[in-house]
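Open the structure in your viewer and keep the selection tool ready. This tour tells you what to pick at each stop.

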Amino acid sequence: MPVLSCIFCLPYNSMRVFLLILWCWVCSSSSSSTYKNLALASSHNSVDSFLSDAKPVTVVVTRITVLTAQDLITPDQSERHRKEKKRLLEQLNKNDKSSRNSRNRLLKALHGFSRCGERNLAELKRWKSHYGHVPRHQKKVLEQAVRYSEKLNINEQLIWKNHQLCEEIVRAALDFYDITSNELEGFIHESEAKSEPADRISVSQALKHYVRDWSGEGAHERKTFSCILNTLAVYAPPLEQRISNPLRVLIPGAGLGRLGFNITALDGYEVTTNEWSMFMNVAYRFLESRPNAGQHVFYPFIDSWSHHATTADLQRNVTFPDQRLDTSSVLLVEGDFTTAFQGSRDSFDFIVTHFFIDTARNLMSYLETIHTTLRKGGYWINSGPLLYGSGPWVQLSLDEIIAVSEHLGFEFLEMGPTCGESTFPGKKVRWIAGIYGSNERALNINGYRVQSWVARKK
Ligand SMILES: C[S@@+](CC[C@H](N)C(=O)[O-])C[C@H]1O[C@@H](n2cnc3c(N)ncnc32)[C@H](O)[C@@H]1O
C-alpha cells in the first residue's frame with residue numbers, strides 16, 4: 001500500500017523568510033518497493049518549483065505531525081523585545097560618533113566570524129611549517145607512532161566545519177541587525193587593505209562560551225550559579241507574589257546569557273541581560289534565532305593544542321544548546337553597562353554580577369551604576385573573581401570593594417552555605433571554587449576562589 005508520511009513544519013517567525021522542511025517517504029505498492037526520500041529546506045521559490053515539478057502519486061496519509069514555531073524557530077518576540085530591537089537598530093543607524101563606533105564594533109565582529117576559517121587555517125599552516133623543521137628521522141617516528149601529519153590534516157577539515165557555523169552566525173547577524181552583505185564585504189575589504197586582520201581570538205572566546213553556557217560539558221563551570229539561585233530564593237518574595245508582580249533582574253556582562261535563562265526558569269522574574277562585546281552579542285543573536293536543543297555542533301578545542309590528554313579530546317565535538325532557549329523570556333540590551341542604563345534609575349529589584357566586576361575600566365563607575373539602577377531595598381548579588389584586565393583605572397582588593405560599597409550605601413547580608421565558606425572572619429562574603437575555561441577534560445584547570453556576596457541598597 002502506498003504510504004506517505006509527511007512532516008510539515010510551517011513556522012511563522014518572519015514575513016520575509018518562509019521556511020519549509022518537508023520529509024516525504026513515498027513507498028510504492030509494488031513488491032519491488034521503491035523509496036524516494038526527499039529532504040528539502042528551501043525558500044518560497046524553490047518550494048514552488050519543487051511542487052510544480054512533482055509527479056502526481058496516489059497516497060494514503062498515515063501520519064501528519066505538525067510542529068509549531070515554538071518547536072522550530074524563534075517564537076514571536078515579546079513587546080519589550082520588539083521595542084528594544086527598534087531602539088537598537090535606530091541607534092546603530094544614527095550618524096553620531098557613538099553610533100558609528102557601535103556599528104564599527106559590530107562589523108569588526110562580523111569580519112572576525114566571516115574569516116574564522118581562513119584565520120585558523122593560517123595558524124595551522126604556521127604549525128605545519130614548524131613541523132617542517134623536525135628532522136626527517138624524528139618525523140618518521142612521529143608518523144609511525146602517532147600519524148602526526150594526519151592529525152594536522154584532520155584539524156584542517158575540522159576548521160572548515162567550524163567555519164560553516166561561523167558563516168551561519170554571520171547570516172543570522174546580517175538578518176538581525178539589518179546589515180547588507182555589501183556593507184560587510186566593503187568593511188572587510190577596507191580593513192584588510194589597511195592590514196587590519198579579522199580578530200581570531202575574540203571569535204574563539206565567543207564560540208567557547210557556547211560550551212560554558214549552553215552545553216552539557218559546561219555544567220561544571222555553571223556550578224557557581226547555585227549560590228546565586230539560592231540567594232534569590234532567600235531574598236525574593238514567594239512565588240505567588242512574584243507571579244503577579246515579576247521581579248526585575250539585570251545581569252550585566254552576561255556573556256551568552258545562560259544565567260538569565262536559569263533565573264527566568266524559576267518563574268516570577270523578568271530578566272534583562274546586558275553585554276558589551278559584539279562578538280558575544282552576534283553569537284547570542286544566532287542562538288536566539290536558532291534556539292532548539294541540540295541544533296548545533298562544532299569543534300571548540302582544535303585551536304589550542306595545549307593541555308589535551310588525548311587527540312580524541314582535542315578533536316571532539318560539542319553540541320549546543322543543551323536545552324531549548326525560551327527567547328522571549330530574557331531580553332538582551334546591548335552596550336556598555338555604565339551608559340546603557342542611564343535612563344533606568346531605581347529600576348531593578350536585583351542586579352546579578354557573575355564574573356563581571358573585574359572587567360571594569362573604572363570599577364567605581366560599575367559600583368555607582370549598580371547602586372543607581374537598583375531600587376531602594378533592591379539586592380546586588382555578586383559571584384566572581386578579581387582578575388583585573390589591562391588598563392583598569394582602579395584595582396581594589398576584596399576588603400576595599402566591601403568598604404567602598406558600604407560607603408556608597410550597600411548593606412552586606414548573610415548568604416547560605418551553597419556560597420561556600422566565609423572569606424574573612426566578621427565579613428559577609430563567601431567563596432567557592434569556580435572554573436572558567438570551557439574544557440572539562442583538559443589537563444589544566446583555570447580556577448578561582450569565586451567571591452560571593454549579597455548587598456541591599458539602603
Ligand atoms: C569574564 S566575562 C563573563 C561572562 C559571563 N558573565 C559568564 O560568567 O560567562 C565578562 C563579560 O563582561 C562583558 N563586559 C565587559 N565590559 C562590559 C561593560 N562595560 N558592559 C557590559 N558588558 C561588559 C565582556 O564582554 C564579557 O562578556
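What share of the contacts in the chain with a separation of 6 or more comes from residues 24 or more positions apart? The share is 75%. Two residues count as in contact if their C-beta atoms, placed from the backbone, lie within 7 Å.

Two notes before you click. This is a predicted model, where local features need pLDDT of at least 70, side-chain atom pairs count only at pLDDT 80 or more, and totals for chains, interfaces and linings use all residues. Residues are numbered from 1 along each chain as its sequence is written.

**The whole chain**

Show the cartoon. The chain has 17 helices and 15 strands. These are DSSP runs, numbered from the N terminus: helices are H or I with at least four residues, strands are E with at least two. Of the 458 residues, 31% are buried. Buried means 20 or more other C-beta atoms within 10 Å of the residue's own, exposed means 12 or fewer, and partly exposed lies in between; C-beta atoms are placed from the backbone.

**Alanine 109**

Select alanine 109. It sits in helix H4, residues 97-114. Is alanine 109 buried or exposed? It is buried, because it has 25 C-beta neighbours inside 10 Å.

Leaving out residues up to four places away in sequence, alanine 109 touches Met278, Phe279 and Val282.

Axes are lines fitted to C-alpha atoms, for helices over the stretch in contact, and angles run from 0 to 180 degrees between N-to-C directions.

Pick Leu107, Leu110, His111 and Ser114 on H4, then Leu184, Phe187, Ile188 and Ser191 on H8. This contact has five nonpolar, three polar and no charged residues. Ala, Val, Leu, Ile, Met, Phe, Trp, Tyr, Cys and Pro count as nonpolar, Asp, Glu, Lys and Arg as charged, and the others, Gly among them, as polar.

**H9 against H13**

Next, select helix H9 (200-214) and helix H13 (278-289). The axes come within 9 Å and cross at roughly 50°. That makes H9 oblique to H13. On the H9 side, the contact includes Val203, Leu207 and Trp214. On the H13 side, pick Phe279, Met280, Ala283 and Leu287. The classes here are nine nonpolar, three polar and no charged residues.

**H16 against H17**

Move to helix H16 (363-373) and helix H17 (398-408). They pack at about 40°, with axes 11 Å apart. H16 is therefore oblique to H17. Leu367, Glu368 and His371 of H16 meet Val404, Ser405 and Leu408 of H17. That contact divides into three nonpolar, two polar and one charged.

**The ligand**

Last stop: the ligand. Which residues are closest to the ligand? They are Gly253, Gly255, Trp276, Ser277 and Phe337, out of 17 that surround it. A residue is near a molecule or strand if its C-beta atom, placed from the backbone, lies within 6 Å of it. Highlight strand S6 (269-275) and helix H15 (337-340): each supplies at least two residues of the shell. The shell has seven nonpolar, seven polar and three charged residues.

Key: Angles under 35 degrees count as roughly parallel, over 145 as roughly antiparallel, 65 to 115 as roughly perpendicular and the rest as oblique.
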